[in-house]
Amino acid sequence: AKALAPVLKEREKADLVVVTVHAGLEEGAGAGPGPTSSWENPVGPLATDTTGIDVILSGHKHVDMPERIINGVLITAPSRWGLRLGRVDVVLEGETGKGFRVVSKRSRTLSTDGVAPDPEVMAMMEPYRKVMDEYLGQVIGQAAGDFLATDGRRKETALSDLTLKVLCEVAGTDVAFHD
């Protein structure tokens, strides 16, 4: 992003740069002198350390973030699982052939409650859904207890044990690590 955003603005003369990223914004990001970050949620540093980005469409943390502005970059994240839809409105001013500039930008998230699925899209996806349902419906084993992952990053769990055993089997190793 640091390399390409300036190229898009300067060389390619892009009037608007929108970044879509499967990453989140850490709590406290943009609130102090430097945004907090993690390897999987680098949206704060992306907004503060990259020149030329106008909008970031974010998603990963499964939180509803209608609008946040960090370093002049508009950031939005529409919850999870299609429960909300992100909407961004950008107003550009200028002349055709001479370029445009962003005058204003706003975002919000909208509920999808009561919105019926598009019949044309559903028909198009039906063959894929059938294959997926058949595949996911296969019984591959039986568990004697629950496979909870609540504390999977802090302590050993039955789910992480299973994941690691599968990794070892598939990779042909004696040891595997995951996060």
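What radius of gyration does the protein have, and what would a compact globule of 179 residues have?

**Figure 1. Overall dimensions and fold of the predicted model.** The protein has a radius of gyration of 22 Å, whereas a compact globule of 179 residues would have one near 16 Å; the radius is taken over C-alpha atoms, and the globule rule is 2.2 Å times the number of residues to the power 0.38. The C-alpha trace spans about 65 × 45 × 30 Å along the principal axes of the protein. Four helices and six strands are present, following the pattern α-β-α-β-β-β-β-β-α-α along the sequence, where helices (H or I, at least four residues) and strands (E, at least two) are DSSP runs numbered from the N terminus. This is a predicted model, in which local features need pLDDT of at least 70 and side-chain atom pairs count only at pLDDT 80 or more, while totals for chains, interfaces and linings use all residues. Residues are numbered from 1 along each chain as its sequence is written, and side-chain values use heavy atoms, with hydrogens and water left out.

Figure 2. Among the contacts (heavy atoms within 4.5 Å) with a separation of 6 or more, 43% come from residues 24 or more positions apart.

**Figure 3. Close-up of the pair E12 and R11.** The side chains of R11 and E12 meet in a salt bridge, at 3.2 Å from N to O; the term denotes a side-chain nitrogen of Lys or Arg within 4 Å of a carboxyl oxygen of Asp or Glu. R11 counts as exposed because its relative accessibility is 61%, whereas E12, at 48%, counts as partly exposed. By this rule the protein has nine salt bridges.

Figure 4. E93 is joined to R101 by a salt bridge whose closest N and O atoms are 3.0 Å apart, and E93 counts as partly exposed at 42% relative accessibility. The side chain of E95 meets that of K98 in a salt bridge of 3.8 Å, N to O. Within this pair, E95 is partly exposed at 47% relative accessibility, while K98 is exposed at 67%.

**Figure 5. Close-up of a salt-bridge network.** Salt bridges link E126, R129 and D133 in a network. Side chains of opposite charge can pair when their charged atoms come close.

Definitions and conventions:
Buried means under 20% relative accessible area, exposed over 50%, partly exposed in between (1.4 Å probe, protein chains only).
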